[in-house]
Amino acid sequence: MGSIRLENVSKSFGEAQVISALDLDIEDGAFVVFVGPSGCGKSTLLRLIAGLEDVSGGRILIDGKDVTTTPPARRRLAMVFQSYALYPHMSVRGNIAFPLKMAGAGREEIERKVKDAARILNLEEYLDRKPRQLSGGQRQRVAIGRAIVREPTAFLFDEPLSNLDAALRVAMRLEITQLHQKLKRTMIYVTHDQVEAMTMADKIVVLNGGRIEQVGSPLELYRNPRNLFVAGFIGSPRMNFIDGAEAKKLGAATIGIRPEHLRLSATEGLWKGRVDVAEHLGSDTFLHIEMDGIGPLTARIGGEFPVRVGDTVHVTPEDGKIHRFDEKGLAL
Amino acid sequence: MARAISTRRKVTFTILGWTIGFLIFFPVLWTVLTSFKTEGTAIATPPQFLFFDWTMENYVAVQNRSNYMRHMSNSIVISVGSTLIGLLVAIPAAWAMAFSPTKRTKDVLLWMLSTKMLPAVGVLVPIYLIFRDWSLLDGLAGLTAVLTLINLPIIVWMLYTYFREIPGEILEAARMDGASLAKEIVYVLTPMAVPGIASTMLLNIILAWNEAFWSLNLTASRAAPLTAFIAAYSSPEGLFWAKLSAASTLAIAPILVLGWFAQRQLVRGLTFGAVK
Amino acid sequence: MATLHTRASARLMMTPAVVLLLAWMIVPLGMTLYFSLLRYNLLMPGMEEWTGLDNYTYFLTDPAFTAALVNTLLLVGGVLLITVVGGLLLALMLDQPFWGSGLVRLLVIAPFFVMPTVSALVWKNMLMHPVNGLFAWLARLFGLRPVDWFADLPLFSIILIVAWQWLPFATLILLTALQSLDEEQKEAAEMDGAGAASRFIYIVLPHLARAITVVILIETIFLLSVFAEILVTTNGGPGVQTTTITYLVYMQALLQFDVGGASAGGIIAVILANIVAIFLIRLIGRNLDR
Ligand SMILES: Nc1ncnc2c1ncn2[C@@H]1O[C@H](COP(=O)(O)OP(=O)(O)O)[C@@H](O)[C@H]1O
Ligand SMILES: [Mg+2]
């Protein structure tokens, strides 16, 4: 109940190919995150699955059944939009009840399911309000409530948190994860924020330019990025890339090293450089260092680190944490 | 405008503004005043502005002599009828153009507008002959149909500009929620677009109410709306200014009030969204 | 929002509107074109015959046509001049803060909602009547000889009436455009040392250029069809002094029952309107892409 399979799916808008021949398997109950830079085709892919757009080629199967030409209403999927897409003229109750009404459910059933959803989402006090009288987080919950009551085989989320402020985003992130654990339904979640992807996903699908760059669990992607794009996209701050002579020494066109995998010393180390900018966060210190013969590197040190702009520091990468890439950008 | 405006400047503009406003409005005001005079006072020299014997006799006379209420009801039937039929045809079309645009949508919209720019005399002869042959002359049905057609482009266009401001995602959400197309339009789009639909209605009722060319050419007496009925006062024999004023006041009062309510939408509707 | 389903329904939903308008445009226009090539008078039924372009030659060489063309241009040009200049001044005035400006605005836009037959008759009788009219009384008050408006200045009288009706339209649109002007832009110019006059010339006017164009084009479309005001005041006279193209066609069709000649005139009116419409459509179309 809720496995989704894409076979050779492609999509073009006129001339522009937005999704190119893509295969993907999503197991029942998984929390899958599509992540990638803006404009890479995440929303388009989600809308293809939802049935809001027609595929240009390939097939989409839900629970083994071909739904490529099935209209959205009959795919038994629910979607939460970035803008929430609440019906502004209906109360919260009306919004949540709408899919049930469309399905022809009886009055008592509607009443009961709306109550259940409201309880799960802490919306009981707001049932009679209009969407414009709610805060961003509450609106988001209504949108989720509207999705829940349909008891869909899978939930689709399109950047649901991007309109919320930072603190609320963290809280809602947690709520959605908990919801997934409670409902145990397949969820496909689209975001451009790799932190959301890392924290929520069972499985991450990294998209770029309409192609899948890599599929894997968060830690797999962190540890073994398949190429430069994934290496650079996953992890924050970004992985440092070094090419030229230093890379040649290790038999690669480019080497990559994450900021948290650099050891710093005032006296000795592999590379030497000068501190350009120091960002003291308390829990961490980020140093932007201009390395001699290498260029700028970012280093991340746990806790406080007493250093000033212009200081000379020595940097050494940790053993076995260097990623090597060939000329095509593929990991060696 | 965070700065204080000097009181002198404000006083100057208040005087200037009210004077000019009064002058522009004066013909309307004068019509209303004259409608309460006797025919004798109406043509008196020097003119009587406020201190005359106010009378309602003209309003009574207008109704008794010419069955005024019939023309009023003709105007209502034609303007409201043509607007409602127009909406019925235009809402689906505007939905399609706003939410499912294709490469040709823009051309279709502009083409629809261009039909509005067709001068009426260009089709006067055939329409007149068709009306004559089908016995539509001096009938409500024919005139309503013509007014529906001449205002349809404006209705489609106005609705289109309003619909375009509604996020498509909400309609997609309805689609995901299992709404059929008809339900999507009836339960989601239409209620959300109520303000836009209302303004469109308002503007079109005004336009249809005041339409003169077809009303004058296609009706005679039975189906004449107020525009055509009032024209009958142009006959030179005898001056009936007070009665003309009473009939005119009744004819313009309702639409003036509607117009004042619709002034913002008017700009949008009449410039086809080119000025907002 | 585009699946085969939605696209197919979209086409279906547009069909009624498109078919109706297509029929409305093509059928009568085609008939007009056809009639314009016939000798066809309603007073002589059964005598229709093919005449080629004779109707056009006849219509175009009729001295009344030249007069009507000139009258039409004067009417349109005169009304445009009065309404654009007047509308601009009124809009600038209404844009100023003063007590009751909202109410004044209602007063100013009122004429637009007065039906053409009413405004024409009210002006003709109660204001412009050479003996009992208010203007005549005012003239005598100042010791002047009252003007017999419709005898001496018939076309100008009609221009005045029509301008009064369209002044609110120009004012309202220019005011709307004026109010959409970014206040900060004006303040920035003021910081840059621009005086009131140069602010108006370099900032306000360019901002209004587009709105002014829209006013001109839309008014032209409507003004080319002015009809009721002429019908109820002068009937085109005296002579042909207030006969416009629209009115000329009307006379040929419904007073002389010359279907062929009127149709040729109708086609010429369509061509004239199209010249304006093309510019207007371009302007609106560009706006759509935004
Ligand atoms: N309806 C459409 N018509 C044409 N191009 C589109 C349409 N929708 C999306 N695109 C294009 O497809 C690309 C991917 O868009 P999208 O899937 O929205 O990206 P993302 O959600 O990853 O930011 C973009 O370049 C966008 O311009
Ligand atoms: Mg997106």
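Partly exposed means a relative accessible area between the buried limit, under 20%, and the exposed limit, over 50%. Keep those cut-offs at hand for this tour of a predicted model.

**Stop 1**

Select Arg5(A). Its relative accessible area is 37%, so Arg5(A) counts as partly exposed.

Next, select Arg59(A) and Asp66(A). Their side chains also meet in a salt bridge, at 3.4 Å from N to O. How accessible is Arg59(A)? Its relative accessible area is 36%, which makes Arg59(A) partly exposed. Asp66(A) is partly exposed too, at 36% relative accessibility.

A network of salt bridges links Asp25(A) with Arg5(A), Glu7(A), Arg59(A) and Asp66(A).

Move on to Arg47(A) and Glu53(A). Their closest N and O atoms are 3.1 Å apart, in another salt bridge. Buried or exposed? Arg47(A) and Glu53(A) are both buried. Over all chains, the whole structure holds 21 salt bridges.

**Stop 2: ligand 1**

Select ligand 1 and show its surroundings. The shell consists of Phe13(A), Val18(A), Ser38(A), Gly39(A), Cys40(A), Gly41(A), Lys42(A), Ser43(A) and Thr44(A). By class, that is 3 nonpolar, 5 polar and 1 charged residues. Which element gives the most to this shell? Helix α1 of chain A, residues 42–50, does, with 3 residues.

Now look at distances to oxygen atoms of the ligand. For Gly39(A), pick the backbone: an N or O atom there lies 2.6 Å from an oxygen of ligand 1. At Cys40(A), a polar backbone atom is 3.2 Å from a ligand oxygen. For Thr44(A), switch to the side chain, where an N or O atom is 2.5 Å from an oxygen of ligand 1. Alone, ligand 1 exposes 560 Å², and the protein buries 55% of that area.

**Stop 3: chain B**

The C-alpha trace spans about 70 × 70 × 35 Å along its principal axes. Of the 276 residues in chain B, 61% count as buried.

Select Phe49(B), Leu50(B), Phe51(B) and Trp54(B), which make a nonpolar patch of about 500 Å². Zoom in on Phe49(B), in the loop between α2 (39–42) and α3 (57–66) of chain B. Its relative accessible area is 34%, so Phe49(B) is partly exposed.

Technical notes. Residues numbered from 1 in each chain as written. Chains lettered and ligands numbered in written order. Predicted model: local features only at pLDDT ≥ 70, side-chain atom pairs only at ≥ 80, totals over all residues. Heavy atoms only, no water. Patch = residues over 30% accessible without salt bridge, like charges linked within 9 Å, V, L, I, M, F, W, Y side chains within 5 Å. Areas by Shrake-Rupley, 256 points an atom, 1.4 Å probe, with all protein chains shown as cover. Salt bridge = Lys/Arg side-chain N within 4 Å of Asp/Glu carboxyl O. Helix = DSSP H or I, 4+ residues; strand = E, 2+ residues; numbered from the N terminus. Buried < 20%, exposed > 50% of the residue type's maximum accessible area, 1.4 Å probe, protein only. Near = heavy atom within 4 Å. Polar contact = N/O pair within 3.5 Å; in protein donor to acceptor, adjacent residues only side chain to side chain. Nonpolar A, V, L, I, M, F, W, Y, C, P; charged D, E, K, R; others polar.
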